[in-house]
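Have a look at the sequence and the fold, and then read on.

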Amino acid sequence: MKPLICFDLDNTLVYSEKVHINSYNYALKKIINKTQDPRLITKLLGMPHKRIVKILTKEATKEEVKKIMELHDKILIHKFYHLAKPIPNVVKTLKLLKKNFTLAIVSNCSHKNIIVILKGAKIPLNLFSIIVGYDEVKNSKPAPDLILKAQNKLNLKALYMVGDSIYDVKAANKAKVKAVAVLTGHYSKIALIKENPYIILKSINQLPNFIKKECEKCHSI
């Protein structure tokens with residue numbers, strides 16, 4: 001089987017801030033009758049789902065946090081998924097990578113949310129050999145569980161973990177996978193550097209050339 005590359009979803013393959021801002025605020029309004037500043041929600045994206053809700057609610061009960069998480073996931077599927085937009089040229093890049101690699105998505109979104117966000121962004125599902133969401137593992141990123149599950153299911157060791165957030169880099173390092181950070185999210189280059197990624201790229205579209213250079217470097221040694 002072809003070597004494995006794992007990808008984050010939000011702000012790595014798709015721009016999805018509007019999807020999550022609307023879904024979180026809809027759920028917050030319904031459950032605790034309040035909403036949050038979209039700028040705050042944007043800053044939290046990339047964190048584990050439960051942690052985001054706890055920060056947004058602060059004094060909410062465990063039951064309210066659970067209900068908000070569930071409603072966010074449900075309303076995203078039925079109302080807001082279509083707001084997702086693909087990173088420019090992402091489909092072309094993924095098709096190019098698929099020729100030589102096995103592609104996986106490992107995301108702090110639920111499995112069903114990943115599916116509909118990809119559909120909303122018009123990214124073909126058949127580009128990926130496996131999709132793993134937070135609801136399929138014990139711990140989401142920054143824990144390595146999502147990456148490890150993809151590896152175990154495919155019986156492959158990932159060469160790279162590609163993501164926009166510090167949580168993607170942390171998870172990759174814990175899984176002993178090379179972390180490729182991309183600057184298409186809201187995390188600064190400085191913040192990403194602090195987590196010691198293998199490389200920082202402007203976007204996923206630079207990945208094929210980066211891998212080509214890595215291969216040429218290996219062959220020259």
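Two strands pair if DSSP finds at least two bridges between them. Helices (H or I, at least four residues) and strands (E, at least two) are themselves DSSP runs, numbered from the N terminus. This is a predicted model, in which local features need pLDDT of at least 70 and side-chain atom pairs count only at pLDDT 80 or more, while totals for chains, interfaces and linings use all residues. Residues are numbered from 1 along each chain as its sequence is written, and side-chain values use heavy atoms, with hydrogens and water left out.

Let's begin with the whole chain. The protein chain has 10 helices and eight strands. Its radius of gyration is 17 Å, close to the 17 Å that the globule rule gives for 221 residues, so the chain is as compact as a globular protein of that length. That radius is taken over C-alpha atoms, and the globule rule is 2.2 Å times the number of residues to the power 0.38. Along the principal axes, the C-alpha atoms fill a box of roughly 60 × 35 × 30 Å. Of the 221 residues, 53% count as buried, where buried means under 20% relative accessible area, exposed over 50% and partly exposed in between (1.4 Å probe, protein chains only).

Now for the strand pairs.

| Strands | Sense | Bridges |
|---|---|---|
| S1 (residues 4-7) and S4 | parallel | four bridges |
| S4 and S5 (residues 130-132) | parallel | three bridges |
| S6 (residues 158-163) and S7 | parallel | four bridges |

Strand S4 (residues 102-106) has five of its five residues buried, so S4 is largely enclosed by the rest of the structure. Both of its faces are covered: Thr-102, Ala-104 and Val-106 are buried on one side, and Leu-103 and Ile-105 on the other. Within S4, Ile-105 stands opposite Phe-7, while Ala-104 stands opposite Ile-130 in S5.

Strand S7 (residues 178-182) has four of its five residues buried, so S7 too is largely enclosed by the rest of the structure. Its Lys-178 is the bridge partner of Tyr-160.

Leaving aside neighbours within four places in sequence, Gln-151 is in contact (heavy atoms within 4.5 Å) with Leu-4, Leu-156, Lys-157, Ala-158 and Val-177.
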